[in-house]
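Please read this report beside the sequence and the model. It goes through a few sites in turn.

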Amino acid sequence: MPPKRKAPAATAKDHLDVLRKSLQQSTPWTSGVLDVRGDDLSLFYKYGEGEREARLLNLEDATDEHLEELAAACQPATFGRGQEDVLDENYRKAGKLDCANFASSLDIASLQVIDAISPDLLDGRDDADKKIIRPELYKLNVYGPGSFFKSHKDTPRSKDMIGSLVIVLPTTHEGGELSLSHGSESSTFDSALDLADKKTSIAYVAFFSDVMHAVEKVTSGYRVTLTYNLFLIDRPDSRLVPARQPSAAETACEAALRGLVADPTFLPAGGILGFGLTHQYPIPRGPRDPQTLKHVLKILKGADARMHGVALRVGLETSLYLVYDTGRWEGNGHYVGTSEVVNLEGILDEGGESVQALEEAGEPLRTATESESGASTKKKAAAKGRSKKAKRDSSGDEEEESEDEGDKERTAVHWVTKVKKMNRAVSAYVAMGNEADLAHHYGDAALFVRFPAAADRGAL
Ligand SMILES: O=C(O)CCC(=O)C(=O)O
Ligand SMILES: [Fe+2]
């Protein structure tokens with residue numbers, strides 16, 4: 001028998017690669033087709049001038065003439081631009097009915113659409129068995145020939161809104177595909193194709209609020225949709241729910257994080273594993289915004305939720321921080337983490353006072369050196385069991401990279417994924433002693449997972 005070779009132990013770099021990869025395996029949308037009964041496809045809608053007038057339409061066998069009547073009963077659909085609702089048919093050409101003006105016999109609860117979409121939208125959340133998605137009917141939309149809706153994100157209607165659900169009813173149409181994109185991922189939901197020749201089915205698609213989407217031009221027929229806002233709420237706790245099965249990506253993520261915790265060369269003196277968020281959230285935009293960062297931790301989505309949940313399970317402290325780059329030029333590796341937007345109003349920045357105020361308001365941070373990030377295995381033995389204090393006391397020649405004296409006081413951050421600018425808060429200060437010259441520091445929200453010193457990780 002050949003001698004048994006021991007498999008080489010995974011390095012910190014291997015663990016970090018797995019971690020990064022597991023974060024990419026997340027779907028910000030989910031779709032499908034469900035069979036319904038003919039009886040589920042009745043639509044009553046307000047029609048004509050009279051207060052009490054309505055019409056009935058069965059969508060199972062609606063003719064173009066019937067659908068044209070429905071389209072005529074609609075108002076032109078507006079959309080949110082900044083703080084305003086605007087009507088601009090170059091951007092959105094469609095008809096809408098508000099909830100007060102129609103009733104559909106489709107019972108979304110008994111259709112179990114929410115059961116179908118929940119595993120994907122709750123994937124990764126540690127508290128998935130304590131939460132449910134509540135759909136709230138929002139509008140009925142009619143896209144007749146030539147209708148479309150250009151690329152946009154749906155405006156969150158409250159702080160607990162996580163996404164949107166669109167149900168496409170089975171009226172014959174061509175075109176009107178929904179194009180979806182998020183980060184580097186994109187997809188097309190072609191309901192006309194999904195519903196071709198299906199008279200008693202509906203097609204559905206659900207996506208997180210920060211997914212960009214557009215309805216392509218309808219080239220023939222009528223595309224009729226019901227849209228719902230999706231809220232994340234606490235599950236009433238009177239029910240027994242079977243334990244959640246973690247996904248393969250989540251299992252891999254947890255194993256990688258445990259591997260890093262067990263590796264004494266990784267952040268030997270302790271520090272932070274930093275994750276740029278992959279989704280957009282309602283973060284406070286400035287010091288006066290009543291939104292809080294704390295609330296965002298409760299509504300994390302997809303890969304962000306997974307990372308947070310896994311870190312909690314491993315026993316690591318997590319927080320959502322704003323990261324301010326305090327360098328005189330971008331990216332010198334010095335920044336500050338704060339748990340709220342720093343108020344710099346009234347600060348005259350003649351001698352770097354704004355940076356000083358930031359440094360005082362939060363936790364001074366620096367990018368972890370390569371040796372702390374497990375790039376070198378030379379120091380393995382030396383690092384073993386070394387506490388933060390011991391490291392500070394140790395002679396300089398033990399370090400591979402030269403560090404500024406001040407760097408020792410800054411918490412080391414190893415970035416797993418880069419911070420993006422999509423969750424950005426602004427702190428304004430006076431740059432030139434003149435109110436007209438307001439300058440800004442930007443804080444970008446990131447998820448922090450805190451590592452104790454290697455010597456103190458035994459209990460995890
Ligand atoms: O009809 C669709 O597929 C999506 C419509 C939409 O994006 C919206 O109503 O905000
Ligand atoms: Fe939309």
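## Ligand 1

A polar side-chain atom of His213 is 2.9 Å from an oxygen atom of ligand 1. This is a predicted model, in which local features need pLDDT of at least 70 and side-chain atom pairs count only at pLDDT 80 or more, while totals for chains, interfaces and linings use all residues. Residues are numbered from 1 along each chain as its sequence is written, chains are lettered from A and ligands numbered from 1 in the order in which they are written, and side-chain values use heavy atoms, with hydrogens and water left out.

Around ligand 1 there are 13 residues, of which Arg92, His152, Asp154, His213 and Arg223 come nearest; a residue counts here if one of its heavy atoms lies within 4 Å of the molecule. The side chain of His152 has an N or O atom 3.1 Å from an oxygen atom of ligand 1. For the side chain of Arg92, the distance from an N or O atom to an oxygen atom of ligand 1 is 3.3 Å.

## The iron ion

Which residues coordinate the iron ion (ligand 2)? They are His152 and His213, each through NE2, and Asp154 through OD, at 2.0 to 2.1 Å. Donors are N, O and S atoms within 2.8 Å of the metal (3.2 Å for Na, K and Ca); water is not among the atoms, so sites may look incomplete.

Along the sequence, the donor residues follow the spacing H-x1-D-x58-H. His152 has a relative accessible area of 11% and is therefore buried (buried means under 20%, exposed over 50% and partly exposed in between, with a 1.4 Å probe and protein chains only).

Lys131 is in strand β10, which covers residues 131-143; strands (E, at least two residues) and helices (H or I, at least four) are DSSP runs numbered from the N terminus. Lys131 counts as buried because its relative accessibility is 14%.

The side chains of Lys131 and Asp234 are joined by a polar contact of 2.7 Å. Such a contact is a pair of N or O atoms within 3.5 Å; within protein, one must be able to donate a hydrogen and the other to accept it, and residues adjacent in sequence count only if both atoms are side-chain atoms.
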